[in-house]
Amino acid sequence: MAKTQIQDVIVPALFAPYVINRTAELSALWASGIVAPVDAQLGIDITSGGNQITLPFWNDLTGEEEILSDADPLSTDKITSAKDIAVLHFRGKAWSANDLSAQLSGSDPMAAIGNLVAAYWARRFQACLIATLKGAFGAASMSANVHDISAGTGDSAAISGVTFLDAAQKLGDAKGILAAVAMHSATETALAKKDLIETIPASEGKPEIKTFQGKRVIVDDGMPNSGGVFTSYLFATGAVGYKAGQPKVAVETDRDSLAGDDILINRQAFILHPRGVMWKGSAAGVSPKNSELEAAASWERVFEPKQIRIVQFKHKLAA
């Protein structure tokens with residue numbers, strides 16, 4: 001008797017690029033423009049070996065201009081280079097379902113798993129980035145990009161339109177590039193109670209967009225919250241670099257015939273890196289877990305503070 005198995009539902013060669021593309025569509029980080037591809041001109045192949053990727057960059061020009069003279073020629077200066085280092089993440093997840101689960105439930109659990117994989121990875125990428133930011137902004141070299149008002153009293157310690165402007169000011173004259181803010185749902189609720197959250201209605205099949213002071217709001221309860229102190233992040237477009245690699249076998253299907261189990265295996269290789277904050281840590285495994293990304297000692301700023309394009313804002317809610 002013929003029956004549909006997982007290899008009939010999921011074709012690995014087609015499923016891998018579908019998951020990558022669909023993950024980007026479902027993630028608010030991509031939709032807001034915060035996450036952008038790592039510069040193509042660098043020609044980076046993240047599956048060519050190693051677990052770190054060097055991202056070279058040119059430093060800005062420095063020095064004072066000279067007064068023109070008919071006797072003394074201009075002296076020449078040079079441009080210098082430096083490097084950023086991104087950690088390469090290797091991650092995977094496997095799911096299985098027994099034949100009886102389909103027969104007893106009246107639906108195909110493996111088909112449901114296949115439909116939900118991209119949303120799963122969108123959430124996991126977001127968790128990876130939150131862990132990365134926690135570690136990166138814990139580094140002493142990142143203090144210029146941190147606005148912490150949590151030790152204040154009353155309204156001076158709470159997020160508001162005024163204190164948010166102070167946070168944005170950490171980027172000085174570059175603050176105009178800020179495009180989005182990621183916050184805990186409790187923070188979004190506190191601002192909504194003050195009528196500070198605006199909603200752009202849904203149109204053309206696109207979901208509605210919430211904004212705060214013109215910045216797109218990304219709500220995630222994975223944002224740090226400890227003892228009433230909440231952490232929000234202000235982002236400029238492209239502040240986080242992303243590049244997907246292709247593991248040797250990105251998607252596999254398997255079957256345990258004796259147990260009657262269908263199995264789906266999905267592997268990912270990717271960079272998800274705050275531009276300008278160099279990874280200098282190590283990991284117990286091939287690549288770091290989220291808990292290892294949270295270590296402040298593993299990160300060091302290599303861009304000028306304004307070029308980081310991210311501000312960490314620590315605050316309380318309404319007084």
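I started at S232: leaving aside neighbours within four places in sequence, S232 is in contact with V181, A182, M183, T187, M223, V311, Q312, F313 and H315. Contact here means heavy atoms within 4.5 Å. The model is a predicted one, where local features need pLDDT of at least 70, side-chain atom pairs count only at pLDDT 80 or more, and totals for chains, interfaces and linings use all residues. Residues are numbered from 1 along each chain as its sequence is written, and side-chain values use heavy atoms, with hydrogens and water left out.

**Entry 1: S232, continued**

I placed S232 in strand β11. For element names I kept to DSSP runs, numbered from the N terminus: helices are H or I of at least four residues, strands are E of at least two. Is S232 buried or exposed? S232 is buried, as its relative accessible area is 0%; buried means under 20% relative accessible area, exposed over 50% and partly exposed in between, with a 1.4 Å probe and protein chains only. I then looked for a partner and found that the side chains of S232 and H315 are joined by a polar contact of 2.9 Å. That term covers a pair of N or O atoms within 3.5 Å; within protein, one must be able to donate a hydrogen and the other to accept it, and residues adjacent in sequence count only if both atoms are side-chain atoms.

**Entry 2: helix α7**

Just after α7, I noted D195 with a positive phi of about 60°.

**Entry 3: the cores**

I looked up the largest nonpolar core next: it has 46 residues, and F235, L272 and I310 have the most contacts inside it. Such a core is a set of buried Ala, Val, Leu, Ile, Met, Phe, Trp, Tyr and Cys residues joined through side-chain atoms within 4.5 Å. Which elements give two or more residues to this core? They are α2 (12-26), α3 (28-31), α5 (109-136), β6 (178-183), β11 (229-236), β12 (240-244), β14 (261-274) and β15 (277-279). The largest share, 11 residues, comes from α5. I also listed what F235 touches, not counting residues up to four places away in sequence: I34, L133, I177, L178, A179, A180, A182, V240, R309 and I310. Apart from this core lies another, of 17 residues, with I149, L171, V181 and V217 among them.

**Entry 4: strand β14**

I found β14 mostly covered, with 12 of its 14 residues buried. I checked its pairing, which requires that DSSP finds at least two bridges between two strands. Strand β4 (residues 89-98) pairs with β14 in the antiparallel sense over 10 bridges, and here A94 has I265 as its bridge partner in β14. Strand β12 is also antiparallel to β14, over 5 bridges; A244 has F270 as its partner in β14. Strand β13 (residues 251-256) pairs with β14 in the antiparallel sense over 6 bridges, and D254 has I263 as its partner. β13 and β14 form a hairpin with 4 residues between them, and G260 in the turn has a positive phi of about 75°.

**Entry 5: aromatic rings**

How many aromatic pairs does a search of the whole structure find? I got 11. Rings of Phe, Tyr and Trp (its six-membered ring) pair if their centres lie within 6.5 Å; planes under 30 degrees apart count as stacked, over 60 as edge-to-face and the rest as tilted. For Y120 and W121 the centres are 5.3 Å apart and the planes at 75°, so the pair is edge-to-face. W121 and F125 have centres 6.0 Å apart and planes at 50°, so this pair is tilted. Both W121 and F125 are buried, and they lie in helix α5, 4 residues apart, about one turn of the helix. Ring pairs link W30, W95, Y120, W121, F125, Y242 and F270 into a cluster.

**Entry 6: S27**

Last, I looked at S27, in the loop between α2 and α3. S27 counts as buried because its relative accessibility is 1%. Its side chain reaches the backbone nitrogen of L29 at 3.2 Å. Not counting residues up to four places away in sequence, S27 touches A122 and Q126.
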